[in-house]
Amino acid sequence: MKTAFITGVTGQDGAYLAKLLLDKGYDVHGGVRRSSQPETTRLDLLGITNAVTLHDFELTEPNSISRVIRDIPMDEFYNLAAQSFVGASWELPVYTADADGMAVVKILDTLRTFRPETRFYQASTSEMFGLVQEVPQSETTRLYPRSPYGVAKVYGHYITMNYRESFGMHASSGILFNHESPLRGTDFVTRKITLGLAKLAHGGATPIELGNMDAKRDWGYAGDYVEGMWRMLQQDQADDYVLATGETFTIRQFFDFAAEALGMQLEWAGTGPDEIAVDVKSGKRVMQVNPKFYRPAEVDLLIGDASKAHRKLGWRPTVAVKELAAMMVQFDYDMLALHRSPQISKSPDDQLPHYIWTQDEFASQHSQTGSARC
Ligand code: NAP
Ligand code: F7E
């Protein structure tokens, strides 16, 4: 039985990866950062909380890194923890540099000292391409990050390459384009859209406020992408790989796909800060732009070339963006229906309470609708 350690096991990718590795028979350990209340919602939803051994873990605390690496005999180390929200990285640039950049070299150097044979995965990102220097972007495209997040990730990426080349470590980077799921954090634009639309479909009246509607992203399904991470660490030689679908869509198009899945029919009007969308069936305004969601510097276009991963890993994405939008909005719609407490019914626009589904609730909902692929 192999042993894996996952930092960020409570995040979207961490939860899916833990499930994948457990299904493959791994002994899975995960790092959880200290909070006043342990946060395991995603692991709960996948029904794996008790199957994963959780350890206190803080990216910015070198002793925390040393302890887990020294104490757990591990074959594979997946570094998924990060301050992952690009928008917040302008507010938290120093913390983001520590967590997403400096922590990577601390992990690599500790592995070099205590467990040089452990295979290492670094969660690199298409945000490193930023102001793109070629279309589509591949492993050889020149990097030009546009946010403190992107800059910190570039450091993590290059130091991973450097430890591979300097010390012969099995250290790989996955340059992953945006990947989403029903477990996506609610700040990210896809989930913000699907949750907002689900509330509107349940009787809400507050339009979803968004920023730049013209940005284009290459969106895939997170469940597919964690499979790619695992495949990278099964190769004889460590290397860097792009994972992407090769298709790109605007935020507006994603919004349309999700609305369509709920039976809405949208009419768009205005441009820039005056843009709005109305559902012609209900007459409700469902979207308006709020410039407060514009970013100081934008990544306008991302589209990935994953041909190396196709060729060397045999990896392919299985979910197209329309299906992804439908999967996510259906999940949010069903989840709200299941938790339609009197309080939510009266005020469907309220911020959702901190909902926690039990595995039984989730499984029963899943089998009823057959729609939520979690
Ligand atoms: P996510 O849902 O935001 O999860 C991030 C995880 O990191 C959470 O478990 C979080 O813990 C943990 N974390 C944050 N700060 C930490 C700290 N200081 N110490 C310890 N743990 C900390 O992100 P994701 O979407 O799963 O992404 C996984 C990784 O892939 C990230 O490194 C991200 O930057 C990268 N990435 C993501 C995408 C994408 O489209 N999803 C694309 C390319 C790269 P809490 O649960 O306590 O918040
Ligand atoms: O923004 C635009 C926004 O926050 C996508 C992370 O997983 O993927 C993610 O980063 C686009 C941007 O994702 C809103 O300006 C418009 O152009 O969903 P996002 P992201 O910045 O692409 C990469 C690959 C990662 O590595 C990151 O960790 O959508 N947008 N209006 C908006 N974005 C948000 N969040 N909220 C809006 O209201």
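The mean pLDDT of the chain is 92, and 90% of the residues reach 70 or more.

Two stretches call for care. Over residues 341-358 the pLDDT is below 50, although this stretch has 34 contacts in the model beyond near neighbours in sequence. Residues 365-374 also have a pLDDT below 50, and here the model shows 25 contacts beyond near neighbours in sequence. Where pLDDT is low, the predicted coordinates should not be read in detail.

## Around ligand 1

Let us start with the shell of ligand 1, which is made up of 24 residues. The closest are Thr 10, Arg 33, Ser 84, Tyr 95 and Tyr 149. Sorted by class, the shell has 10 nonpolar, nine polar and five charged residues.

Several elements contribute to this shell. Helix 1 (12-23), strand 5 (119-125) and helix 5 (148-167) each supply at least two residues, and strand 5 gives the most, with three.

A polar side-chain atom of Thr 10 sits 2.7 Å from a ligand oxygen, and for a polar side-chain atom of Arg 33 the distance to a ligand oxygen is 2.8 Å. Gly 8 uses its backbone instead: one of its backbone N or O atoms lies 3.4 Å from an oxygen atom of ligand 1. On its own, ligand 1 has 900 Å² of accessible area, and the protein covers 89% of it.

## Around ligand 2

Ligand 2 is surrounded by 24 residues, and the closest are Ser 84, Thr 125, Tyr 149, Arg 295 and Glu 298. The shell here comprises 10 nonpolar, six polar and eight charged residues. Helix 6 (189-201) and strand 8 (208-210) each supply at least two of its residues.

An N or O atom in the side chain of Lys 192 is 2.7 Å from a ligand oxygen, while for the side chain of Arg 217 the distance is 2.8 Å.

Val 135 and Pro 136 are joined by a cis peptide bond, with omega at about -5 degrees. Pro 136 lies in the loop between strand 5 and helix 5. Both of those elements also supply residues to the shell around ligand 1.

## Back to His 170

Now for the residue we began with. Why does His 170 count as buried? Its relative accessibility is 11%, and buried means under 20%, so His 170 falls in that class.

The side chain of His 170 reaches the backbone oxygen of Gln 235 at 2.8 Å. Leaving aside residues up to four places away in sequence, His 170 touches Thr 118, Arg 119 and Phe 120, along with Met 232, Leu 233, Gln 235, Asp 236, Gln 237 and Ala 238.

Terms used:
Residues numbered from 1 in each chain as written. Chains lettered and ligands numbered in written order. Predicted model: local features only at pLDDT ≥ 70, side-chain atom pairs only at ≥ 80, totals over all residues. Heavy atoms only, no water. pLDDT = per-residue confidence, 0-100. Contact = heavy atoms within 4.5 Å. Near = heavy atom within 4 Å. Polar contact = N/O pair within 3.5 Å; in protein donor to acceptor, adjacent residues only side chain to side chain. Areas by Shrake-Rupley, 256 points an atom, 1.4 Å probe, with all protein chains shown as cover. Helix = DSSP H or I, 4+ residues; strand = E, 2+ residues; numbered from the N terminus. Nonpolar A, V, L, I, M, F, W, Y, C, P; charged D, E, K, R; others polar. Buried < 20%, exposed > 50% of the residue type's maximum accessible area, 1.4 Å probe, protein only.
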